[in-house]
Amino acid sequence: MGGGTSITYEDSCLDEDFSFLSSSLAPRDTLSLQNKDNRVNEKSGLDFGEVSEERKETSSSADFVVSERKRLSIYQEILQSYDELKIDSKNLKEAKEKILRYRPGTWTEKVGGLKLCDYDVPETTCLLLVGPSGSGKSSLINRISKVLDDDKFAPERAQISYNSLIGDGTYFLREFMIPRESNSICLYDTRSLSDNSHENSKMLKNWMTKGVRHGELVVRSRDTRRLSKSLKCKAGKKGFFSSKRRKVNFVICIVNGLSVLNAMENDRSDLEERYIEAIVSTFNCPYLSFKDDKPVLVLTHGDVLSLSDRARVRVYLGELLGIPPTKQIFDIPDCDDLVTESAIIGMLRYTLEHADRNFPQKSNVIMNKVHKISLSLFMILLILGIGFGIGLEQNKFMHQYHAPQAQTPQPETCSRIVQDMRPNVDVPENEPKIERRNLKVPNKEPKIKRRNLKVPTKEPKIEWHKIRHIW
């Protein structure tokens, strides 16, 4: 019973006729592969006549024919992607399982001899949603959450603005983990872009260079005093502000398909002209690109457009922004069907894969840290070495200063004592020199027993003829 209800809802979402939005709408039979070029132009209401007249004036007929055939081929490919019968539910389930099993770095390519450990892989891949007011950022987060949580009846997580004319909707940066219990993917809902391109560029630069933080208030210079006071009062409440910043790994630009279609068909008013300029300036902002990888574009509010109008808008935006409409522009309406689920899975796969490709290398960070640490260690070792050298020189100087005193021989108190000296023998005045050897003097002088010799009072007579052998 549930299956029958689902089919009826899907058909009503895709086939409902909104004749007040366009004078020529595409019926469901335009999805057939057998449609010829002229048949597609007739039934879908695809009219490139005005553009063709302009191009004929500046290009040759051959280039004109090739360009028109290419545009028509892309248009047919987009129309065929809306055919639910061509979606393989088994392949869609496998693709969804890959998103659920995703971990940061899953699709990082091993190029240049680098491995996954050589990259600065974050704990959570952060995807930033940006777009004009009323583009449907919060609605897209709710739609993605329902698809990956596999709960179509779950309450909406992001606050949706019913009337975008009375405010910008989201004033605080909000972080949403996808799925709820995972920490691998997070989507950041942001405040809408303003009409001032300079202010938008400054805000985007701040997010892309300094990171985003959950609960951070986004204030503009053009906010009224009453609005600023109200926002500061809300921001002052405790328990809502987080101190952890996340680095943005990829960007998703959101545009309202209905607003783009009105700017395409009618004479552009100032409001519509500013809307298109905001899309172009935001998408081409250099801070949102990762090297050559530009942001992904999501088209919303397709549930109120016909299939042909949705295809026309995608082709127009592809030519306006210079990106492939079938590969980098995803049409995600507010519908519960396989086509919408397939577009969500394809968009997430594209963003996550390109985010993994652009993770920064870890070598620069590590080398900077190693350089700082090595420099500090070198300075410390240099100071210690200088101090150690000064200490050695001082120790050597003190050793040389005390060395002569230590090597001075102690006075020989008993060197002149002769035990066998006869009392009648006189010692000659000119005593022969005796070589003295450098003997090691012990630290402590040995105790020598001294004899009490009796020194004669009278000088003895020396018989020189008897001591001739001495000299």
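Mentor: Let us take the second largest cavity, which in this predicted model is lined by N142, S145, K146, D149, D151, A154, P155, E156, R157 and R180. Its volume is about 40 Å³.

Trainee: Where along the chain is R180 found, and which residues does R180 touch?

Mentor: R180 sits in the loop that runs between β2 (174–178) and β3 (185–189). Leaving aside residues up to four places away in sequence, R180 touches S145, D149, A154, P155 and R157.

Trainee: Is R180 buried or exposed, or something in between, and why?

Mentor: The general idea is to compare the relative accessible area with two cut-offs, since buried means under 20% and exposed means over 50%. R180 has a relative accessible area of 40%, and therefore R180 counts as partly exposed.

Trainee: How many cavities of 30 Å³ or more does a search of the whole structure find, and what lines the largest cavity?

Mentor: The search finds two such cavities, and the largest cavity holds about 60 Å³ of space. Its lining is made up of V130, G131, P132, L193, C253, I254, V255, A278, I279, T282, F283 and L297. Sorted by class, that lining has 10 nonpolar residues, two polar ones and no charged ones.

Trainee: Which helix or strand gives the most to the lining of the largest cavity?

Mentor: That is α10, with four residues; β6 (250–256) and α10 (270–283) each supply at least two residues of this lining.

Trainee: How should I place these details within the whole protein?

Mentor: Begin with the elements and the burial: the protein has 13 helices and eight strands, and 37% of its 471 residues count as buried. Then consider the contacts with a separation of 6 or more, of which 74% are between residues 24 or more positions apart.

Trainee: Where does UniProt place the transmembrane region?

Mentor: The unreviewed UniProt entry places a transmembrane region at residues 373–392. In the model that stretch is 100% helix and 0% strand, with its end C-alpha atoms 28 Å apart.

Methods. Residues are numbered from 1 along each chain as its sequence is written. This is a predicted model: local features need pLDDT of at least 70, side-chain atom pairs count only at pLDDT 80 or more; totals for chains, interfaces and linings use all residues. Side-chain values use heavy atoms; hydrogens and water are left out. UniProt positions are given in the numbering used here, feature names are shortened, and annotations may be inferred rather than shown by experiment. On a 1 Å grid over the protein atoms alone, a cavity is a set of points where a 1.4 Å probe fits but cannot get out, and a pocket is an open set with protein on both sides within 12 Å along at least five of seven lines; lining residues have an atom within 4 Å of a point. Grid points are joined across faces, edges and corners, and a volume is the space filled by probe spheres set on the points. Ala, Val, Leu, Ile, Met, Phe, Trp, Tyr, Cys and Pro count as nonpolar, Asp, Glu, Lys and Arg as charged, and the others, Gly among them, as polar. Buried means under 20% relative accessible area, exposed over 50%, partly exposed in between (1.4 Å probe, protein chains only). Contact means heavy atoms within 4.5 Å.
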